[in-house]
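Please study the sequence and the structure before reading the solutions.

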Amino acid sequence: MTDSIMSKAATMEIPINSNGDTGTLPEDDSLEQAANLQWSLDEQDLQQVMVSGPNLNETSIVSGGYGGTAEGIISTSSIKGSNMHHSSSSSSSMTAEEASRGVAVEKIETVKKWGLNTYKCTKQMISERFGRGSRTVDLELEAQIEVLRDTKKKYENVLRLARALTNHFYNMVQTQHALGDTFADLSQKSPELRDEFGYNAETQKLLCKNGETLLGAVNFFVSSINTLVNKTMEDSLMTIKMYEGARLEFDAYRSDLEELSLGPKDAVAMARIDAAQQQYQVQKDKYERLRSDVIIKLKFLEENKVKVMHKQLLLFHNAISAYFAGNQQQLEQTLKQFNIKLRPPGADKPSWLEEQ
């Protein structure tokens, strides 16, 4: 009887009022009777309940009240371990999420700075093009840069013509080599013209040998001019390009600072002026550093150009003169003077990459 009443009482709902106190149910007499019966349990019944009650480490999940079977018992230690695992996973997830959010914010700031800088530089470029903005000009340095660009174009033309000469002369040497072989063959097969074909064959072979020697000198000339134009000069022009970009940024931030200085001087404006002053100083340092780099590179480039061209022009002149004068000894001596090594006889024509 007692177990039946307790089971009934355990399944009843106890309403809670807005202040958290249990509400009274005057109309529900059965609930009040169940409570009175529960308090009237004797000590033996209470001990029986304590003995048959659940373990502190277990939780009973049953469908029919308190006295369910042990199949519904779930260890609280497993629940605790599951909670700890879930907490650890949640903490790791939060850490990864915070890291991802930090990276995203950093990227947004980078894009924002890039966009602002691009806007300022574009505005400055348009102002300069239409004559409304001022630009920083170093007349002496600008003149040297223009001379370099003009010199590079002229040297590129020399390089193009020298390559064409090499290709044409190579084809002529190959033709002389084939002609000499044909004369030698006819000398063996034509007894009546053996001597005539013979000395013509020897002449073509000699010309072919001297032509290969001259080709070695001209290829060395072409390779040196190519290095000077497409590596040394190009490196200086890349530095000049960076310098011109830094000059544009410097003028853009300088104009921005000048505009802010002419405006109001309230607290917000002064803060913007201070930030613009810092950016102006950063761009000024960058501009002056690259300007110094350009001056140094132009100086060393001019010295290197004179040294290289003095050697290469002397080589080209001596080799061409010796070849067309028929002075084989002088031609070979020219190659030794400049430490030029020829390809062994019978070697194939160098590839396009090797000729560059």
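The expected span of a helix is 1.5 Å times one less than its number of residues. The model examined here is predicted.

**Exercise 1.** Compare the span of helix α6 with its expected span, and state where α6 bends.

*Solution.* Step 1: helix α6 covers residues 194–261 and has 68 residues. Step 2: at 1.5 Å a residue, 100 Å is expected for α6. Step 3: from the first C-alpha of α6 to its last the reach is 97 Å, close to the expected figure. Step 4: α6 has a bend of about 35° at Glu234.

**Exercise 2.** Determine whether the span of α7 agrees or disagrees with its number of residues.

*Solution.* Step 1: α7 has 58 residues, which should span 86 Å at 1.5 Å a residue. Step 2: the end C-alpha atoms of α7 lie 83 Å apart, so the span agrees. Step 3: after α7 comes Gly326, with a positive phi near 75°.

**Exercise 3.** Describe how helix α5 packs with helix α7.

*Solution.* Step 1: the angle between α5 (residues 139–189) and α7 (residues 267–324) is about 25°, and their axes are 12 Å apart. Step 2: angles under 35 degrees count as roughly parallel; α5 and α7 are therefore roughly parallel to each other. Step 3: the crossing of α5 past α7 is left-handed. Step 4: the residues in this contact of α5 with α7 comprise 14 nonpolar, three polar and two charged. Among them are Leu148 and Phe169 in α5, and Leu298 and Phe316 in α7.

**Exercise 4.** State how helix α8 is oriented relative to α7, and which residues meet.

*Solution.* Step 1: the axes of α7 and α8 (residues 328–337) come within 8 Å and cross at roughly 160°. Step 2: this makes α7 roughly antiparallel to α8, since angles over 145 degrees count as such. Step 3: α7 and α8 form a left-handed crossing. Step 4: Leu314, Leu315, Asn318, Ala319, Ala322 and Tyr323 in α7 meet Gln330, Leu331, Thr334 and Gln337 in α8. Step 5: by class, the residues of this contact of α7 with α8 are six nonpolar, four polar and no charged.

**Exercise 5.** Describe the packing of α6 with α8.

*Solution.* Step 1: the axes of α6 and α8 come within 10 Å, crossing at roughly 25°. Step 2: α6 and α8 are therefore roughly parallel to each other. Step 3: their crossing is left-handed. Step 4: Leu206, Lys209, Asn210, Thr213, Leu214 and Ala217 of α6 make the contact with Gln328, Leu331, Glu332 and Leu335 of α8. Step 5: the residues of this contact of α6 with α8 divide into five nonpolar, three polar and two charged.

Methods: Residues numbered from 1 in each chain as written. Predicted model: local features only at pLDDT ≥ 70, side-chain atom pairs only at ≥ 80, totals over all residues. Heavy atoms only, no water. Axes fitted to C-alpha atoms, helices over the stretch in contact; angles between N-to-C directions. Helix = DSSP H or I, 4+ residues; strand = E, 2+ residues; numbered from the N terminus. Parallel < 35°, antiparallel > 145°, perpendicular 65-115°, else oblique. Left-handed = near helix turned anticlockwise from the far one by under 90°. Contact = heavy atoms within 4.5 Å. Nonpolar A, V, L, I, M, F, W, Y, C, P; charged D, E, K, R; others polar. Bend = angle between axes of the 7 residues up to and from the residue.
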